[in-house]
Amino acid sequence: MLDYLVVGLGLAGISFCETLEKAGKTFRVISDNSQQSSLVAGGMYNPVILKRFTLAWKAEEQLGLAMPFYVNLESKLGVKLDYKVRVLRKFASIEEQNLWFEAADKPGLENFMSTKIQENKNPGLHAPYGFGEVLHTGRIDTTALLSSYAEYLEKKGALQLSTFDFTHFNASSDHISYETINAKQIVFCEGYGLKNNPFFGYLPLNGTKGELLTIKAPDFKEKNVIKSGVFTIPLGNDMYRVGATYKWKDKTNIPTEEAKSQLLEKLETFLKCDFEIVNHVAGIRPTVVDRRPLVGQHPLHKNLYVLNGFGSRGVMIAPYASGQLFNHIENNQHLDTEINIQRFTKKYYSS
């Protein structure tokens, strides 16, 4: 009898597995890699919402948990994951500069927004009004994380690469069973795949399609993340990730020419050097109507749990939400009400 069965191995699944392992719990993971949001993510951790110059939800608390979490993973997996990189928000006008300074004076934001305007010194960039710098930022290499963690679990014999088949699943009052596996609890970390889950499909997981380009721009020579209409993230070797788009109707992982055109149109408003497109990817972000994660226990089946809905900020949210769920299950601690799926219990009974 295992302690846990975990379904899905994106940022949610990995962070929960790490929480379980640290606590000495036994577990197995089932994943088919069908959900691409963690794989195609920009991987940024950034405490400021740059569209509105506001602090991201629980940013300080989440960063405090996320940084040691990824440091520990680097040591454990023997791979480089955390790249400290500055995030510069390009100003479009003097008015935007003033709005930046106003925001930087607000409680909670003063530690994350520099009050010094960064002048543009890159001839490959058009930024006459300069930049505002966000502090305590960086990028997690999510591709390296997912592949190295899957390899780690495979060596332990704790990973089953297959699609979860609900016809082989049974939940009783004291345990769950799946094929030959018996476990005390099951946690679904399926990303947008949750829409096909017969137990948690009632939750309002909208899903937002995001598309990213990878470009090669030898003359760009930019070491910082630049945020304008789109962001550019330096990957090394003259490669940059460019994103992202937001589409609510298309729920496929197929890249589109429309999104590519949108990204290029915005990129060319500030990038003033030649580049070539190397790659174009798409994935569905697990987004929720109230922009808060989906964490908690099924209304009827008390050994079924969900960990989902991280949207575009999974790198920061995952360690925090995983700790919340684990302490709720094992130590009977109250979940943060903002993430607890009890807020949608009426939907369950009306569905």
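Biologist: What makes a side chain count as positive or negative here, and how many of each are there?
Modeller: Lys and Arg count as positive, Asp and Glu as negative, while His and the chain ends are not counted. On that basis the protein has 40 positive and 37 negative side chains. Each charge is placed at NZ of Lys, CZ of Arg, CG of Asp or CD of Glu, and the centres of the two sets lie 3 Å apart.

A word on the ground rules: this is a predicted model, where local features need pLDDT of at least 70 and side-chain atom pairs count only at pLDDT 80 or more, though totals for chains, interfaces and linings use all residues. Residues are numbered from 1 along each chain as its sequence is written, and side-chain values use heavy atoms, leaving out hydrogens and water.

Biologist: Why is isoleucine 317 called buried?
Modeller: Buried means under 20% relative accessible area (exposed is over 50%, partly exposed in between, with a 1.4 Å probe and protein chains only). Isoleucine 317 has 8% relative accessibility, so it counts as buried. You'll find isoleucine 317 in helix α6; helices are DSSP runs of H or I with at least four residues, strands are E runs of at least two, and both are numbered from the N terminus.

Biologist: And what does isoleucine 317 touch?
Modeller: Leaving aside residues up to four places away in sequence, isoleucine 317 touches Gln62, Pro293 and Phe310. A contact means heavy atoms within 4.5 Å.

Biologist: Why does asparagine 340 get the buried label?
Modeller: Its relative accessible area is 11%, so asparagine 340 is buried. Asparagine 340 sits in the loop between α6 and α7 (345-350). Across the protein, buried residues make up 54% of the 351 residues.

Biologist: What makes a set of residues a nonpolar core?
Modeller: The members must be buried Ala, Val, Leu, Ile, Met, Phe, Trp, Tyr or Cys, joined through side-chain atoms within 4.5 Å. The largest such core has 68 residues, and those touching the most other members include Leu9, Phe16 and Leu73. Helix α6 (residues 314-331) gives the most to this core, with nine residues. There's also a second, separate core of 27 residues, with Leu5 and Val306 among them.
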